[in-house]
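Here's a quick tour of one model, written for someone who likes cut-offs spelled out. Have the coordinates open and follow along.

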Amino acid sequence: MGFSVTRKCSECGTLNRIPAKHLADTGRCGNCKLPLRPADAPINADAEAFAAITRDAKVPVLVDFWAPWCGPCRSIAPEVDALASEMAGNAIVLKVNTEEHPDLAAQFRIQAIPNFVVMREGNVVFQRAGGASRREMRAWLSETADRSGI
Ligand SMILES: [Zn+2]
């Protein structure tokens, strides 16, 4: 079985396994059969989740590289959460804790956090260090979507 993310049905509480390529789709709960919203919150990614989601997602992926000791990262977190909810179905938001996953931070040459990377079909289309408003993050994602013709 390939990589999947576990999501809880808001109606019956059943844990459903969602393959990376269907994270932005409205699904159906395996138990109660009611619709399952597309991923609407940031997903904490390890190396395996990161690789599978950035490769298989059918929508742009915003990656928030952060660390628990980083004040600006913590203060921006509610905006990142809100963005993930607002963009559900049109984008996926990943969070990478650079303390726990220094390998991923090194791969993207992260020297300062917060650091945002927008990926599309496994490729980096945008990267920026420093804080950002939700409006800016939304603009990065919609520009990415426009360029790839979705
Ligand atoms: Zn259910």
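## A residue in helix H1

Ile53 belongs to helix H1; helices here are DSSP runs of H or I with at least four residues, strands are runs of E with at least two, and both are numbered from the N terminus. This is a predicted model, where local features need pLDDT of at least 70, side-chain atom pairs count only at pLDDT 80 or more, and totals for chains, interfaces and linings use all residues. Residues are numbered from 1 along each chain as its sequence is written, and side-chain values use heavy atoms, with hydrogens and water left out.

Is Ile53 buried or exposed? With a relative accessible area of 0%, Ile53 is buried (buried is under 20%, exposed over 50%, partly exposed in between, using a 1.4 Å probe and protein chains only). Skipping neighbours within four places in sequence, Ile53 is in contact with Phe3, Val5, Ala20, Leu23, Ile43, Val61, Ile92 and Leu94, contact being heavy atoms within 4.5 Å. As for Thr14, 39 residues away along the chain, its C-alpha atom is 22 Å from that of Ile53.

## The zinc site

Which residues hold the zinc ion as donors? They are Cys9, Cys12, Cys29 and Cys32, each through SG, lying 2.3 Å from the ion. Donors are N, O and S atoms within 2.8 Å of the metal (3.2 Å for Na, K and Ca), and since water is not among the atoms, sites may look incomplete. Along the chain, the donors of the zinc ion are spaced as C-x2-C-x16-C-x2-C.

The four donor atoms subtend angles of 105 to 116°, so the arrangement is tetrahedral; for four donors that label requires all angles between 85 and 135 degrees. For reference, the ideal angle for four tetrahedral donors is 109.5 degrees. Cys29 is buried at 1% relative accessible area, while Cys32 is partly exposed at 27%.

Phe50 and Phe108 have ring centres 5.3 Å apart and planes at 65°, so they pair edge-to-face. Phe50 sits in helix H1 and Phe108 in the loop between helix H3 and strand E8, 58 residues apart.

Phe65 and Phe108 have centres 5.6 Å apart and planes at 45°, so that pair is tilted. Both of these residues are buried, and Phe50, Phe65 and Phe108 form one aromatic cluster.

How values were computed. Tetrahedral: all angles 85-135°; square planar, octahedral: opposite > 155°, others 65-115°. Phe/Tyr/Trp six-rings, centres within 6.5 Å; stacked < 30°, edge-to-face > 60°.
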